[in-house]
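Q: I have a new model open and want to get my bearings. Let's start with its pockets.

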Amino acid sequence: MKNIYLIGFMGTGKSVVAKALAAKLDRPYLDLDDLIIKKEGRSINEIFEKDGEVAFRKIETEMLKEVSVKTNYIVSCGGGVVLDGQNMADMKKSGVLVALSARAEAIYERVKHNTDRPLLKVLKPIDKIKELLHIRKPHYEKADYTIDTTDLNVNEVVDKIIELVKFDD
Ligand code: S3P
């Protein structure tokens, strides 16, 4: 079976939904950020602080390349994975892309107490969220399916995904 890649902005629920989806479908689960942290032996914050975003993106692309030769996995991706054309090609070739979306205010509420998102360590995170959402919109729109998670719980999102992808494998 093809992989199912969950893409979308930070705080749209990718990790928690991917885990629940994997459990419900009895399929293996991978989180791209977790794989990067494990491989690098340091946090995403540390990578951004010490080596910068460009270096992080390079590691992310290498990691995705490794993952995209696998099959049957539910893969939760970092929010910026869509920015690279090679990443998009690797995901499209090996799986179905499901984008999770949410309103900027909902995203802010979900991430405001987290300190592990280097891109949102700014004076006005809500403005940064809106700016990045605007820039990334055309990229997220390349997904096969999109689900707005603003007013849905995890189980509802999982059921929607199962319904959407049922003829894709
Ligand atoms: C990023 C999202 C993060 C992580 C890194 C960069 C982004 O993952 O990969 O901080 O560019 O949107 P989550 O979307 O899982 O928070």
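**Pockets and a helix pair**

Q: How do the residues of the lining of the largest pocket divide by class?
A: They divide into 9 nonpolar, 11 polar and 9 charged. Nonpolar means Ala, Val, Leu, Ile, Met, Phe, Trp, Tyr, Cys and Pro; charged means Asp, Glu, Lys and Arg; the others, Gly among them, are polar. This is a predicted model, with local features needing pLDDT of at least 70, side-chain atom pairs 80 or more, and totals for chains, interfaces and linings using all residues. Numbering starts from 1 along each chain as its sequence is written, and side-chain values use heavy atoms, without hydrogens or water.

Q: How much space lies in that largest pocket?
A: About 550 Å³. A pocket is an open set of 1 Å grid points where a 1.4 Å probe fits, with protein on both sides within 12 Å along at least five of seven lines; lining residues have an atom within 4 Å of a point. The volume is the space filled by probe spheres set on the points.

Q: Which residues are closest to its centre?
A: M10, D33, G78, D116 and R117, out of 29 lining residues.

Q: And the second largest pocket, how much space there?
A: About 190 Å³. Its 15 lining residues include L100, S101, K137, Y140 and T146, the closest to the centre.

Q: New topic. At what angle do helix α6 and helix α7 cross?
A: Roughly 130 degrees, with the axes of α6 (residues 104–111) and α7 (residues 125–140) coming within 10 Å. Helices are DSSP runs (H or I, at least four residues). Axes are lines fitted to C-alpha atoms over the stretch in contact, and angles run from 0 to 180 degrees between N-to-C directions.

Q: Who makes the contact?
A: A104, E105, I107, Y108 and V111 of α6 meet P125, I126, I129, K130 and L133 of α7 (heavy atoms within 4.5 Å). By class, that contact has 8 nonpolar, no polar and 2 charged residues.

Definitions and conventions:
Helices (H or I, at least four residues) and strands (E, at least two) are DSSP runs, numbered from the N terminus.
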